[in-house]
Amino acid sequence: MAELRAAEQATAEDRQAVELDQQSVGRLSRMDALQVQAMALEQSRRRSQRVLALKAALKRAAEDELGVCQDCGEEIAEGRLALDPAAPLCVICARGG
């Protein structure tokens with residue numbers, strides 16, 4: 001989570017509103033700035049989702065439920081947990097049953 005917080009702080013400037021002053025910035029530069037802003041906002045959204053998933057995983061760990069599928073109650077495969085320790089669902093349930 002510390003890495004996610006650091007990345008969020010590092011990209012704060014990229015998420016700022018883009019100034020549309022045509023005399024100081026050309027049209028292509030503004031378009032580029034808008035694209036950078038959109039990408040930074042999406043990355044921020046994904047980081048926020050990941051933080052929520054990690055917090056939920058920590059809660060499941062505290063309740064001794066980490067590694068148990070939230071849908072079917074079966075154990076989540078070790079390989080899946082190795083890739084994503086916060087995985088809330090087994091592969092079958094993640095695929096939609």
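This is a predicted model: local features need pLDDT of at least 70, side-chain atom pairs count only at pLDDT 80 or more; totals for chains, interfaces and linings use all residues.
Reader: Okay, and what's the overall order of elements from the N terminus on?

Author: Helices (H or I, at least four residues) and strands (E, at least two) are DSSP runs, numbered from the N terminus. The protein has 4 helices and 0 strands. Read from the N terminus on, the elements therefore go α-α-α-α.

Reader: How much of the protein is buried?

Author: The protein has 97 residues and exposes about 7,400 Å², with carbon and sulfur atoms supplying 52% of that area. Accessible areas like this one come from the Shrake-Rupley method with a 1.4 Å probe, and for residues only the protein chains shown count as cover. As for residues, the buried ones make up 19%.

Reader: Back to Glu42: which residues are joined with Glu42 into one salt-bridge network?

Author: A salt bridge is a side-chain nitrogen of Lys or Arg within 4 Å of a carboxyl oxygen of Asp or Glu. Glu42 meets Arg45 in one at 2.4 Å, N to O, and meets Arg46 in another at 2.9 Å, N to O. Arg45 sits 3 residues from Glu42 in helix α2 and Arg46 sits 4 residues from Glu42 there, so about one helical turn separates each pair. Salt bridges that share partners join Glu42 into one network with Arg45 and Arg46.

Reader: How many residues apart in sequence are the parts tied together by Asp84 and Arg50?

Author: The side chains of Asp84 and Arg50 meet in a salt bridge of 3.0 Å, N to O, and a search of the whole structure finds 4 salt bridges. Asp84 is partly exposed at 24%, and Arg50 is partly exposed at 30%. Asp84 lies in the loop between α3 (78–83) and α4 (91–94), while Arg50 lies in helix α2, so the distance in sequence between the parts they tie together is 34 residues.

Reader: Which residues does Ser44 touch, leaving aside its neighbours within four places in sequence?

Author: Ser44 is in helix α2, which covers residues 27–62, and Ser44 counts as buried because its relative accessibility is 11%. A polar contact is a pair of N or O atoms within 3.5 Å; within protein, one must be able to donate a hydrogen and the other to accept it, and residues adjacent in sequence count only if both atoms are side-chain atoms. The side chains of Ser44 and Glu8 make one at 2.6 Å. Contact in general means heavy atoms within 4.5 Å, and with those close neighbours in sequence set aside, Ser44 is in contact with Glu8 and Arg15.

Reader: How many disulfides does the structure hold?

Author: A disulfide is a pair of cysteine sulfur atoms within 2.5 Å. For Cys69, which is buried at 3%, the nearest cysteine sulfur is that of Cys93, 3.6 Å away, so Cys69 is in no disulfide. For Cys72, which is partly exposed at 39%, the nearest is the sulfur of Cys69, again 3.6 Å away, so Cys72 is in none either. The number of disulfides in the structure is 0.

Reader: What is the phi of Asp64, roughly?

Author: Asp64 is in the loop between α2 and α3, and at 66% relative accessibility it counts as exposed. Although Asp64 is not a glycine, its phi is positive, at about 60°.

Reader: Last one: what distance separates the C-alpha atoms of Ala2 and Val51?

Author: Ala2 lies in helix α1, residues 2–10, and is exposed at 56%. Ala2 and Val51 are 49 residues apart along the chain, and their C-alpha atoms are separated by 9.7 Å.

How values were computed
Residues are numbered from 1 along each chain as its sequence is written. Side-chain values use heavy atoms; hydrogens and water are left out. Buried means under 20% relative accessible area, exposed over 50%, partly exposed in between (1.4 Å probe, protein chains only).
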